[in-house]
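Reader: I would like to learn how to read a ligand site and a helix from a model. Please take one feature at a time.

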Amino acid sequence: MIDNHQRTVNYLRLAVTDRCNLRCFYCMPEEGINFVERRELLTYEEMLHLIRLMAELGIKKVRITGGEPFVRKNLLGFIRRLVRIPGIESVPMTTNGTLTRRHLDELVGLGIRSFNLSIDSLDRQRFHHITRRDYLPEVLACLHDMIDRGLDVKLNAVVMKDKNIADILPMVELTRERDIAVRFIEEMPFNGSGPHSTQLEWNYLKILDHISNAHPQIENLVAAPFSTSRNYRIAGFRGSFGIIPAYSRSFCGTCNRLRMTPQGLIKTCLYDRGVFNLRDLLRAQASDADLKIAIQEAVGSRSKDGFEAEAKSRQRGKTFESMASIGG
Ligand code: SAM
Ligand code: SF4
């Protein structure tokens, strides 16, 4: 699929649930969000049906995200069927790593070798403070297991003023001996309860500056096509680090992705409020041909960038989304 700005769209980010066993404060409030009612959630059967159609339209990669994907029951049963859909070439996952480790054998057996693991701090107290849960040991055990298995691991850390600035350099240090990528993400306004600051102080320039002060010998790496991160390596280090300007939005020109929320809302931009609900069409007995036309129409009318999408969605009123229902 080619969108109205000549960008190829071949990547779906699928949030399989909005529920989570952590409460990262930048993602959702302590008490959780208004979780979607069970009947509102796409069933696995419905997801597989829609993904088969999307694969016929050119989607080649499906990232499983959430909420925390592993809190949804029988996720592995779903993945077993997903990886067999003709045309789906890769199924990477984004996870908080608290429940993931026990499934690694089977995931690897299904060909899943690429994981984004979210760790915002290497310090147990700070991790607890940020996620409101004391699970750092489980997450680190999962990380080490993934590294030992030689999997493709990217660590995701949202950079937050007064919360985890002290973790930036220790996380970069992880890449000295290990062939992993650490990616620092600008904080976005999707915490489920409205903005807690109007200005982003720790933007990608400040993060890069902070790292360069400690490590002047930073090499620029050529970004993979469609990458959202600017990638670097410190001379002599095995791994790399990247910065994702998620708030500054300088990557929209090559955006190749669609998002589907747990209730079947299609988002053609992280910053839109959802452009139409595919589940409603499906449950209204729309034909496969009509479903495909609806997907193509959404792709054919995408916002140019995250600023345009945000401006349009602001006109439709203010609701405070949680990243747990968007999938990151
Ligand atoms: N639960 C899984 C996890 O945490 O990896 C998958 C879902 S989570 C919503 C996906 C990614 O979004 C995580 O890396 C998380 O750090 C990031 N994220 C959540 N809220 C964010 C925010 N307000 N700003 C920037 N990144 C955010
Ligand atoms: Fe859960 Fe991931 Fe959101 Fe944290 S970022 S609350 S782990 S969905």
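This is a predicted model: local features need pLDDT of at least 70, side-chain atom pairs count only at pLDDT 80 or more; totals for chains, interfaces and linings use all residues.

Reader: Which residues are closest to ligand 1?

Author: A residue is near a molecule if one of its heavy atoms lies within 4 Å of it. Here 20 residues surround ligand 1, the closest being Tyr26, Gly66, Gly67, Ser118 and Met188. The shell divides into seven nonpolar, ten polar (Gly counts as polar) and three charged residues.

Reader: How do I read its polar contacts?

Author: A polar contact is a pair of N or O atoms within 3.5 Å. The side chain of Ser118 has an N or O atom 2.5 Å from an oxygen atom of ligand 1. Backbone N or O atoms also approach nitrogen atoms of ligand 1: one of Tyr26 at 2.9 Å and one of Gly67 at 3.0 Å. The protein covers 96% of the 540 Å² of accessible area (Shrake-Rupley method, 1.4 Å probe) that ligand 1 has on its own.

Reader: Is helix H1 mostly covered or exposed?

Author: Buried means under 20% relative accessible area, with a 1.4 Å probe and protein chains only. By that cut-off, ten of the 14 residues of H1 are buried, among them Tyr44, Glu46 and Leu57. H1 is a DSSP run (H or I, at least four residues) covering residues 44-57. Gly58 follows H1, with a positive phi near 120 degrees.

Methods: Residues are numbered from 1 along each chain as its sequence is written. Chains are lettered from A and ligands numbered from 1 in the order in which they are written. Side-chain values use heavy atoms; hydrogens and water are left out. A polar contact is a pair of N or O atoms within 3.5 Å; within protein, one must be able to donate a hydrogen and the other to accept it, and residues adjacent in sequence count only if both atoms are side-chain atoms. Helices (H or I, at least four residues) and strands (E, at least two) are DSSP runs, numbered from the N terminus. The expected span of a helix is 1.5 Å times one less than its number of residues. Buried means under 20% relative accessible area, exposed over 50%, partly exposed in between (1.4 Å probe, protein chains only).
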